[in-house]
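Dear colleague,

Please find below the structure that I am handing over to you. My notes on what was found in it follow directly after.

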Amino acid sequence: MTLSTLAQPLVESTRTKDRARTQQLLKRLICPAPDQCATDPNKPKALRVGLCGSPGAGKSSLIEQLGLHICGKGHRLAVLAIDPSSRSTGGSILGDKTRMEKLAVEPKAFVRPSPTRGVMGGLALSTSEMTLFCENIGFDVILIETVGLGQNETEVDNVADVIVYVIPPGSGDDLQGDKKGVMEIADIIACLLYTSPSPRDRQKSRMPSSACKKKKKKK
């Protein structure tokens with residue numbers, strides 16, 4: 001097991017004692033000795049790229065191809081993929097990694113899905129700490145995939161150097177592009193093109209009607 005895999009549960013823990021230990025770990029990584037401290041500890045050591053967009057826009061599929069290209073250039077890549085948690089059970093399927101089959105087994109890549117656990121804004125509670133941790137153990141490119149976003153969720157702008165907003169074709173007109181919020185923080189807008197599936201494939205890919213119905217509140 002790698003250092004990133006072993007330390008990840010500690011960094012993501014919400015226990016007060018573990019949060020304190022995480023801060024001590026990060027301080028030792030950033031400044032292992034007085035004469036080895038960086039001149040600017042807050043200056044990122046890695047390129048941080050945030051990828052955001054609506055659910056199903058293709059963020060994970062884009063990361064799979066982009067990540068393989070980055071690793072092919074000799075870089076060490078960390079992917080922090082944030083997955084929504086259920087309001088009913090608190091659980092999360094952490095499904096983003098399933099769309100990164102090749103990247104997940106790439107030796108130069110570390111792919112870690114994390115649940116939001118109710119945190120709003122598109123990121124998890126520990127995303128900032130995980131970013132610092134990854135860049136201080138040798139990853140020089142970090143891709144941060146947010147949950148599927150609405151227009152007003154912009155927290156990724158606080159942890160990334162470059163924001164890529166991923167949209168599917170036909171996502172709106174010129175007025176939509178002029179709106180504020182997540183469109184305002186985007187440095188790059190990526191429109192993923194794809195071949196339209198056959199009518200039979202479209203029928204198979206439809207969301208079950210039961211998933212769209214709101215549950216009735218118990219009396």
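The structure holds 0 disulfides, a disulfide being a pair of cysteine sulfur atoms within 2.5 Å. Cys71 is buried at a relative accessible area of 4%, whereas Cys191 is partly exposed at 41%. Here buried means under 20% relative accessible area, exposed over 50%, and partly exposed in between, with a 1.4 Å probe and protein chains only.

Please note that this is a predicted model, in which local features need pLDDT of at least 70 and side-chain atom pairs count only at pLDDT 80 or more, while totals for chains, interfaces and linings use all residues. Residues are numbered from 1 along each chain as its sequence is written, and side-chain values use heavy atoms, with hydrogens and water left out.

Overall architecture

The chain has 8 helices and 6 strands; these are DSSP runs numbered from the N terminus, with helices being H or I of at least four residues and strands E of at least two. Along the sequence the elements follow the pattern α-α-β-α-β-β-α-β-β-α-α-β-α-α. Of the 219 residues in the chain, 38% are buried. Among contacts with a separation of 6 or more, 75% join residues 24 or more positions apart, where contact means heavy atoms within 4.5 Å.

The sheet

The 6 strands form an open sheet with parallel pairing, in the order β3-β2-β4-β1-β5-β6. Its edge strands are β3 and β6 (188–191), each of which pairs on one side only. From one strand to the next, the twist averages 20°. Two strands are taken to pair if DSSP finds at least two bridges between them. Axes are lines fitted to C-alpha atoms, for helices over the stretch in contact, and angles run from 0 to 180 degrees between N-to-C directions.

Strand β2 is mostly covered, with 7 of its 7 residues buried. On one side these are Leu77, Val79, Ala81 and Asp83, and on the other Ala78, Leu80 and Ile82. This division can be read against a general rule: in a regular strand the side chains alternate between the two faces of the sheet. β2 pairs with β3 in the parallel sense over 7 bridges, and Leu77 has Ala109 of β3 as its bridge partner. With β4, the parallel pairing of β2 extends over 5 bridges; Leu80 stands opposite Ile144 in β4.

Helix α3 (residues 59–72) lies across β1 (47–53), β2 (77–83), β3, β4 (141–145) and β5, and runs at about 175° to β4. α4 also packs on the sheet, where it touches β1, β2, β3 and β4; its direction makes about 170° with that of β2. Ser60 is located in α3 and is buried, with a relative accessible area of 5%. Not counting residues up to four places away in sequence, Ser60 touches Asp96, Arg99, Met100 and Glu145.

Helix α2

The 15 residues of α2 (residues 16–30) should span 21 Å at 1.5 Å a residue, and the end C-alpha atoms are 21 Å apart, which agrees; the expected span is 1.5 Å times one less than the number of residues. Asp18, Thr22, Leu26 and Ile30 are the buried residues of α2. Seen down the axis, they fall within an arc of 105°, so they line one face of the helix; the arc is that of the directions from the helix axis to the C-beta atoms. The face turned away from this buried side carries the exposed residues Thr16, Lys17, Lys27 and Arg28.

Two loop positions

Ser126 lies in the loop between β3 (109–115) and α4 (127–135). Ser126 is buried, at a relative accessible area of 5%. Its contacts, leaving aside neighbours within four places in sequence, are with Val11, Glu12 and Arg19.

Gly181 sits in the loop between α5 (174–178) and α6 (182–185), and is buried with a relative accessible area of 15%. Its C-alpha atom is separated by 7.1 Å from that of Glu153, 28 residues apart along the chain. Gly181 touches Gln151 and Thr154, not counting residues up to four places away in sequence.

Yours sincerely
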